[in-house]
Amino acid sequence: MGNKTDLLLKFNYASSILSFVLGVICTFFINVEGTIPFIFFWYTGLNLLNVLLFKYHRNLTVMAIFTSILSWVSTVVISLFSGGIESPFIFVLAIIVLAGYVSTRLFGKVYMYVILSSILIIFFLGHFYPEHFRTEIPIASKEIFSLISLLFAVYLLGYIFGKNLLETHRSLFLSKEEIEIKIKEKENLLSEVHHRVKNNLQTVSSLLNLQSRNTKNGKVKELTKSSQNRVLSMAIIHEMLYLKQNISKIDFRSYVQGLTDYLIKSANADKKNIEVQIDIPDIQLGIDTAIPLGLLINEAFTNSIKYAFNETNKGLVDIELKRTDNPEEYKLRISDNGTGFTKQVNIKKAKSLGLKLIHNLARQLHGSARRLNTGHGTGYEVIFKDVQKH
């Protein structure tokens, strides 16, 4: 707004002063009498009054519209009485188009079409009614009038609009550089935050590991190990965000691959000969979606490798992610070919903490979770949305 105000004020002051000078030249030096000098003086007075009123109402749009209309009327009249379509002053119409865009974009577009129509009207009026718009410029003064008209147009275009455009471009360039530096600093800061969060989560995991070693109670060890896995499933996300250039989204397929590899090794499930099939497209998910979704996969996958297979059977766990018919929703399916559990178990009412977490995490993702009737093994289907987009 500051640049637009400065531009319009410069245009008003410069055009008013130049119009007054042209009016004086026409009246006292090149013997132009009648409409043309009157319009020059008329424009000067009304435009300076427009600037004076702006000091009180401070409405840039009102001043810009008034300036545009005043410039249009004055230029059209001077062009009609100085040669019509052959008048050198008609080129000023091409320059004042720029003043129209200072107010609003819509007005600028309308103003441009008005000026284009005005040029056509000047042509037809001069062609069909030449007797009504005879030139007021004496033959001896035509070259001088052409010269001062061109100087007037070039000065407005070069010094007023051109100089302001260059200053605005430089200002935008410097602002862009400053913003890029600040963005880089914030990215580095966020990257460091992810690194520290990852380190803190790993510290918590190590404490849980020490706690489990200091107890002989098998149930406590199992609970501590489950908590440790949940903590590390979040730590993996922060580690990926720290290592990648994009600090707000992660490649979800790579994350699931790393998470399942860790869980298999952590549970010593490699002795059970478990194969994992991951069918996830190249998709980037935000941290607010990836963390609860990672915890959900952790619970379902951990249940499969702990309870679905014995040490002799070969196990298969399928993890599939795809979009639903609704472009804003995703469908996650996790299933195994293990022994399964009773069909009477309800995810929403189950006493198991893991099953409760699956249901609650699905709700956190603005979705729902249900058991799959696969006929063998255990399966879950989770419908969810990318939280960051909602």
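In what order do the strands of the open sheet stand, and how is the pairing described? The views below take up this sheet and the helices. This is a predicted model, in which local features need pLDDT of at least 70, side-chain atom pairs count only at pLDDT 80 or more, and totals for chains, interfaces and linings use all residues. Residues are numbered from 1 along each chain as its sequence is written, and side-chain values use heavy atoms, with hydrogens and water left out.

**View 1. An open sheet of 5 strands with mixed pairing.** The order is β2-β4-β5-β7-β6. Strands (E, at least two residues) and helices (H or I, at least four) are DSSP runs, numbered from the N terminus. Two strands pair if DSSP finds at least two bridges between them. β2 (274-279) and β6 (368-371) stand at the edges. Each has a single partner strand, so one side of each is left without a neighbour in the sheet. From one strand to the next, the twist averages 10°. Axes are lines fitted to C-alpha atoms, for helices over the stretch in contact; angles run from 0 to 180 degrees between N-to-C directions.

**View 2. β7 and its antiparallel partners, β5 and β6.** β5 (residues 329-336) is joined to β7 (residues 379-385) by 7 bridges. Leu 332 has Val 382 of β7 as its bridge partner. Tyr 330 is partnered by Phe 384 of β7. Between β6 and β7 there are 4 bridges. Here Ser 368 stands opposite Ile 383 of β7.

**View 3. The crossing of α4 and α6.** The axes of α4 (residues 92-100) and α6 (residues 142-213) come within 9 Å and cross at roughly 25°. The two helices are therefore roughly parallel (an angle under 35 degrees). Contact means heavy atoms within 4.5 Å. From α4, Val 92, Ile 95, Leu 98 and Ala 99 meet Phe 152, Ala 153, Leu 156, Leu 157 and Phe 161 of α6. The contact residues divide into 9 nonpolar, no polar and no charged. Ala, Val, Leu, Ile, Met, Phe, Trp, Tyr, Cys and Pro count as nonpolar, Asp, Glu, Lys and Arg as charged, and the others, Gly among them, as polar.

Technical notes
Parallel < 35°, antiparallel > 145°, perpendicular 65-115°, else oblique.
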